[in-house]
Amino acid sequence: NGNRNLNSFSSVCFFYAMNVYDQLGVPMGLIDSAWGGTRVEAWSSQDALDACEIEDNVMPNNPQNSNSYLWNSMIHPLRKMTVKGFLWYQGEANANWNMDKYSCTFPTLISSWRDQFSMMSNTSPDAPFGFVMLSTIKYGTAGTTYPRLRLHQTADYGFVPNPDMPYTFMATAVDTYDEENGIHPRYKKIVGERLAYAGLGVAYDLDSFPINGPIASEVTQDDTSYFLEYDQDITFDSSELSGFFYCCAEDCATTNDIKQWPPVDPA
């Protein structure tokens, strides 16, 4: 009763549930088990970490980022509860910590949570898992750490669901950035709404809700131009976009400055 009950609750989680309820008319029970600024390794079981060859890490002065600390204390005790699925909003804490292993640690966390919950409750072994793609901390930066981490969030496919991450769905948040709040944009409503629309398609099989946006299905080139073909109709709006950058071969994985990439102006 009253908005005060939501002061410490996840806004994205609440807006996700509100939008799903508006479509289904079924009340939703929500559990918020979260700790800001923490790493994926803290939420992973030891078996999941071993699968990705993650080294042991214990941080006495920052224990919430120790390996498996939050899995043991904040997820493991919930396994006997039957849940419909999971929502995940994390990433920036791994921008400078095991970032290039995130394409293993995150999909493995998803599989591990599904296995553990389905083993201990009536949770489906294919329980849907939704997540928010990492936003940006500062517009105009030439660094590639966050874009690379966004790719790792999809197991390097660039989209979900995919063969390594079935029954997953995603919301983009990069365009919700605002200068005052940086990596924590104020506009949570649109993020929760996007997550709900994708979830209605993946988790609830409603065909009227798309599970992802247009994906480049083919790229060709001639002497002067690149041609991208998308799997869905797309309307290009160049009012804010200044151009594309492309990167070839191994430079994409090693160069942390897009100023070293060749710019391509959109036609």
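Contact, as used throughout this tour, means heavy atoms within 4.5 Å. The model is predicted: local features need pLDDT of at least 70, side-chain atom pairs count only at pLDDT 80 or more, and totals for chains, interfaces and linings use all residues. Residues are numbered from 1 along each chain as its sequence is written, and side-chain values use heavy atoms, with hydrogens and water left out.

**The whole chain**

Display the protein as a cartoon. Seven helices and seven strands are present; helices (H or I, at least four residues) and strands (E, at least two) are DSSP runs, numbered from the N terminus. Along the sequence their order is α-α-α-β-α-β-α-β-α-β-β-β-α-β. Of the 267 residues, 38% count as buried, where buried means under 20% relative accessible area, exposed over 50%, and partly exposed in between (1.4 Å probe, protein chains only). The protein exposes about 15600 Å², of which carbon and sulfur atoms supply 50%; these areas come from the Shrake-Rupley method with a 1.4 Å probe, and for residues only the protein chains shown count as cover. Among contacts with a separation of 6 or more, 61% join residues 24 or more positions apart.

**Trp88 and its surroundings**

Select Trp88, which counts as buried because its relative accessibility is 6%. Which residues does Trp88 contact, leaving aside its neighbours within four places in sequence? They are Val40, Trp43, Tyr102, Phe106, Leu109, Trp113, Phe129, Gly130, Phe131 and Val132.

Next, show the aromatic side chains. The structure holds 15 aromatic pairs; rings of Phe, Tyr and Trp (its six-membered ring) pair if their centres lie within 6.5 Å, and planes under 30 degrees apart count as stacked, over 60 as edge-to-face and the rest as tilted. Trp88 and Phe129 form a tilted pair, 6.5 Å centre to centre with 45 degrees between the planes. Trp88 lies in strand β1 (residues 86-88) and Phe129 in strand β2 (residues 129-132), so this pair ties together parts that are 41 residues apart in sequence. Phe129 is buried, at 0% relative accessibility.

Move to Tyr197 and Phe209, whose ring centres are 5.4 Å apart and whose planes meet at 45 degrees, so this pair is tilted. Tyr197 belongs to helix α6 (residues 188-202) and Phe209 to the loop between α6 and β4 (216-221), so parts twelve residues apart in sequence are tied together. Tyr197 is partly exposed, with a relative accessible area of 33%, whereas Phe209 counts as buried at 13%.

**The nonpolar cores**

A nonpolar core is a set of buried Ala, Val, Leu, Ile, Met, Phe, Trp, Tyr and Cys residues joined through side-chain atoms within 4.5 Å. The largest has 28 residues, and those with the most contacts inside it are Trp43, Trp88, Phe106, Leu109, Trp113 and Phe129. At least two residues of this core come from each of α3 (69-75), β1, α4 (102-120), β2 and α5 (145-153). Colour α4 separately: this helix gives the largest share, six residues. Apart from this core lies another, of 15 residues, among them Val20, Val191, Ala196 and Ala203.

Now select Asn19, in helix α1 (residues 11-24). Asn19 counts as buried, at 11% relative accessibility. Not counting residues up to four places away in sequence, Asn19 touches Gly192, Glu193 and Ala196.

**Charged side chains**

Which two side chains meet in a salt bridge? Select Asp100 and Arg148, which are joined at 3.6 Å, N to O. This is the one salt bridge in the structure, the term being a side-chain nitrogen of Lys or Arg within 4 Å of a carboxyl oxygen of Asp or Glu. Asp100 is in the loop between β1 and α4 and Arg148 in helix α5, 48 residues apart. Arg148 counts as buried, at 15% relative accessibility.

A charge sits over a ring if NZ of Lys or CZ of Arg is within 6 Å of the ring centre and within 35 degrees of the ring normal. Centre the view on Trp97: the charged end of Arg39 sits over its ring, 3.8 Å from the centre. At Tyr204, Lys84 lies over the face, 4.9 Å from the ring centre.

Select Gly37, in the loop between α1 and α2 (46-51). Gly37 is partly exposed, with a relative accessible area of 48%. Gly37 and Ala93 are 56 residues apart in sequence, and their C-alpha atoms are 5.6 Å apart in space. Beyond neighbours within four places in sequence, Gly37 contacts Asn65 and Ala93.
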